[in-house]
Amino acid sequence: MNDLDFFIILLTSAVVVFFIGQAKARSRQESTSGIRLHSLPNYYGYLTALWTFLPALGVFLVWSLFESNIVSMLTIAKFTQLQQLSTDNLSLALNEIKILATTGIYYSNGDANINHQAAAVYSKYFNHSFNLKILVSTLLALLGFTYTYLRINPTMQARNSVERLIVYVLLICALIAILTTLGILFSVLFESVEFFSKVPITEFLFGTHWSPQIAIYEDQAGSSGSFGAVPLFWGTIFISIIAMMIAAPLGLIAAIFLSEYATSRVRATIKPILEILAGVPTVVYGFFAALTIGPLVRDFGYYLREVGVNLDIEILANLTVSTESSLAAGLVMGMMIVPFILSLSDDVISAVPDAMRDGSTALGATKSETVWKVIVPAALPGIVGGFLLAISRAIGETMIVLMAAGVAANLTANPMNSVTTITTQIVTLLTGDQEFDSVKTLAAFALGLGLFITTLILNIIALHVVRKYREQYE
Amino acid sequence: MNNTQIVQKSLKKRYAKERRFKIYGVFSIIVSLAFLLFLLVDIVLKSTPAFTQTYIKLDIDFSYKVLNIDPKPNYTKDELFKSSYRNLISKALYQLFPDVSSRKQKRALRKLISSGAQYHLRDLVIERPQLIGTSQSVWVLADDDIDTFFKGLIDRNLPEADRRIKDIQITWIDKLQSKDRIKRQFNASFLTSGDSREPEQAGILGALKGSLYTMLVTLLLSFPIGVAAAVYLEEFAPKNNWWIDVIEVNINNLAAVPSIVFGILGLAVYINLFGVPRSAPLAGGLVLSLMTLPTIIIATRAAIKSVPPSIREAALGLGASKIQVITHHVLPLAMPGILTGSIIGMAQALGESAPLLMIGMVAFVADIPQGFFDPSTVLPVQIYIWSDSPERAFIALTSAAIIVLLIFLFLMNLLAVLLRNKFETKW
């Protein structure tokens, strides 16, 4: 039996118990003839099923979540040899022990003798834990069942109890949103604090040299291990600026055109087509940026360089050109954001009351004058809010920059050169074969914290502005 | 000059400005549409080579000697499994080109054929053991470089050092072609095999199955929880309560948090704290369901809000309890909207790749996953992995995988639109 089997058994017994509760309610009604049931017989069934199922499931889930960690801790406590290992080696050894215990496959790293013993202990503890878990859950299910079953009688207010239980379940589901935010905060916070205890925060925030490779042995080339994140911040901002320079005018003007000029038929056909752009996965944009737009930008860069050499313009002649460029990434990201800005601006422009348009037209203004002098100023807070949300998206976008912008931490304003971003570095730092506690890995969490806080602030401001604006015209 | 004259004088300029603005509007729409068209056409064009594969006809002599087995009436599967089938191909090739003698040339000759061809022969022999001892013409898969060249994607006029295929190999290919021993055929293995380092053997079935399992987990978690949370916030939450406001701000925020941050959460909490297996669809589904939750909650709330209060009041007036009003009336009426929102949320999750990179789904997995705990990858991540591979043939494979992904997304969105059109009630 495994976890899934037990879950299915639990679920089946809940269904069975439903019918038992229902039957008892019916029979009690018949035996105490004259007294009508307070609720429909089904509710007695539901109540029995819920009390059988929910507490057992809760204990079962929580136990399963923490089981493997606690068993590992107990195993380590048994072996002094394991306790003497450094954190990196310990996690390696633990991995090996787990694989050995579950599959019987052994990769001969570390101390084979200890690992085999430990694996035996591990699987022993794991079996104990599993048996205990099943036992406790089953007992709870039985207890819940007996408790409700014994109480069933016609005067019991089964429906009210069921409904109260359901509301609590709904509440717990609503609280998951808060749990998620807390989970994000805690998962980045602890590692970030540890990172800042190793690397001073001022170096991280103001240092201009990013080179996370740490020298494993002395005199290793190119492995200085410095964590100045300014080139990353710059790369992120630079690409976002390029993206917004494309997306903001295109999206805004397209939105104005569609809501103020286009006939409803044109609008109904164009808008869904443009929204396809929003539905294309970012990895597709990344592929397109890396393989099609990137080479085009590079060729354009070579052309510019040639022009620079011919006309003796020094700045062009010395242009650094590479296939991975911030321009390619920014261009494609900008096109990705267009439908986003389009639909947000469209919403706020439609929310401007018609009385304002009519008033402006009555005074003799042309349509474009109405747009620029009345509608856009009136809708400005909403438009700005939309732009802020778009910027937050550009900052957090990963795949396009990962595939098209490069990993070289250059501090450059040349759009033809490659830059790297916060998100790219998080991916490259966390996807390599890394020990979990190395400074390199911790740096990724610090970057994640920075990214989360930045986007959080942008989102809160933007959502607040948009909401205030909507209330103004409602 | 009176006011009317001033206005009339400026009219021409103002009308020109108006026309200009209209042109800007048309221009920005055309630019966006052109970009979309360029993107799609580019990917379709890039993908065409992936739909066919090159095969070479070899006269394979399934002799006992080369296979290294003794003649007998029956063979166990294990015996046949262990034999070396690579030599069959080499032998056939040397026979076809008897003038090849040097080691280097022989190696170049063997490289015409895909390294997967021997397994094809093995399966053939296991399926029909009576082949042993006979000589047969068999179409075997060509190597990806040969395939790319045969499709005309490698220029034969380039200097030899600049292309992945040698001059002598080109003469062999020409010879094969003149003997009708080389052909292109529909690439069925693209849809039926798992990932491989060799482009000609790589397929998307593993990624498709991984996506399927991941989406199942996502759906099973995010749909019930999302709908339940939305019902609570819309129907039961006390109004003007500060902690309900906190939940709402939270949900709106989570909808805008970068997806990669969810990946970090998955790595730190699910994998490192709770010990969920790395690279497994379970871990991927858990991460994606957190991302999809806000979308489903927001869509469900909107759908519940649009159910008119008169329905609630009528049901309450007839003596239904609040839960009965919701389960018997509000939710069924809101269901089209809820489903539409959920399908759109699932489509987003299907295209998501960044958070899955964090939890190890980027690892190379050749086996096709069989459950929620097997290491696997998903379609978008497969696209990322392939796009990073140096072989030219992977570009076409990546584009083809993108087309498959886009078709799935298109179907999901179509389903959402159809649902909305069919069941949407205007009150």
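E194(A) is partly exposed, because its relative accessibility is 35%. In this predicted model, E194(A) pairs in a salt bridge with K198(A), with 4.0 Å between the closest N and O atoms. The structure holds 20 salt bridges over all chains, and the points below begin with several of these.

**Salt bridges of chain A**

- K198(A), the partner of E194(A), is also partly exposed, because its relative accessibility is 44%.
- Both E194(A) and K198(A) belong to helix 6 of chain A, where four residues, about one turn of the helix, separate them.
- An α-helix has 3.6 residues a turn, so residues three or four places apart point the same way.
- Side chains of opposite charge can pair when their charged atoms come close.
- A salt bridge also joins E260(A) to R357(A), the closest N and O atoms being 2.9 Å apart.
- Since E260(A) lies in helix 8 (residues 230-261) and R357(A) in helix 13 (residues 354-362) of chain A, the pair ties together parts that are 97 residues apart in sequence.
- E260(A) is buried, because its relative accessible area of 11% is under 20%.
- R357(A) is likewise buried, with a relative accessible area of 14%.
- D346(A) forms a salt bridge with K271(A), and 2.7 Å separate the closest N and O atoms.
- This pair links distant parts of the chain, with D346(A) in helix 12 (residues 326-351) and K271(A) in helix 9 (residues 264-279) of chain A, 75 residues apart.
- D346(A) and K271(A) are both buried.
- D3(A), E67(A) and K133(A) are joined into one network by salt bridges that share partners.

**Nonpolar patch on the surface of chain A**

- A nonpolar surface patch is formed by L179(A), L182(A), L185(A), F186(A), L189(A), F190(A) and V193(A).
- Together, the residues of this patch have about 660 Å² of accessible area.
- L179(A), one of the patch residues, is located in helix 6 (residues 158-198) of chain A.
- L179(A) counts as exposed because its relative accessibility of 56% is over 50%.

**Cavities**

- Three cavities of 30 Å³ or more are found in a search of the whole structure.
- The largest cavity holds about 50 Å³ of space.
- From chain A, the lining of the largest cavity includes C173(A), I176(A), A177(A) and T180(A).
- From chain B, the lining of the largest cavity includes I251(B), L254(B), L290(B), L293(B), P294(B) and I297(B).
- Two or more lining residues come from each of helix 6 of chain A, helix 11 (242-254) of chain B and helix 13 of chain B.

**Domains**

- Chain A is divided into domain 1 (3-164) and domain 2 (210-473).
- Taken over C-alpha atoms, the centres of domain 1 and domain 2 of chain A are 47 Å apart.
- In chain B, the assignment gives domain 1 (55-187) and domain 2 (205-423).
- The C-alpha centres of domain 1 and domain 2 of chain B are separated by 47 Å.

**Positive phi values**

- D312(A) has a positive phi near 60°, although this residue is not glycine.
- D312(A) occupies the loop between helix 10 (282-311) and helix 11 (314-317) of chain A.
- D312(A) is exposed, because its relative accessibility is 70%.
- D180(B), another residue that is not a glycine, has a positive phi of about 60°.
- The loop between helix 8 (167-178) and strand 3 (182-186) of chain B contains D180(B).
- D180(B) is exposed, because its relative accessible area is 59%.

**Further features of chain B**

- Helix 17 (residues 379-387) of chain B is mostly covered, with nine of its nine residues buried.
- Among the buried residues of helix 17 of chain B are Y384(B), W386(B) and Q382(B).
- S306(B) lies in the loop between helix 13 (281-305) and helix 14 (309-317) of chain B.
- S306(B) is partly exposed, because its relative accessible area is 43%.
- Although S306(B) and T425(B) are 119 residues apart along the chain, their C-alpha atoms are separated by 9.6 Å.

Definitions and conventions:
Residues numbered from 1 in each chain as written. Chains lettered and ligands numbered in written order. Predicted model: local features only at pLDDT ≥ 70, side-chain atom pairs only at ≥ 80, totals over all residues. Heavy atoms only, no water. Patch = residues over 30% accessible without salt bridge, like charges linked within 9 Å, V, L, I, M, F, W, Y side chains within 5 Å. Areas by Shrake-Rupley, 256 points an atom, 1.4 Å probe, with all protein chains shown as cover. Salt bridge = Lys/Arg side-chain N within 4 Å of Asp/Glu carboxyl O. Buried < 20%, exposed > 50% of the residue type's maximum accessible area, 1.4 Å probe, protein only. Domains from an automatic or database assignment. 1 Å grid on protein atoms, 1.4 Å probe; cavity = no way out; pocket = protein on both sides within 12 Å on 5 of 7 lines; lining within 4 Å. Points joined across faces, edges and corners; volume = space filled by probe spheres on them.
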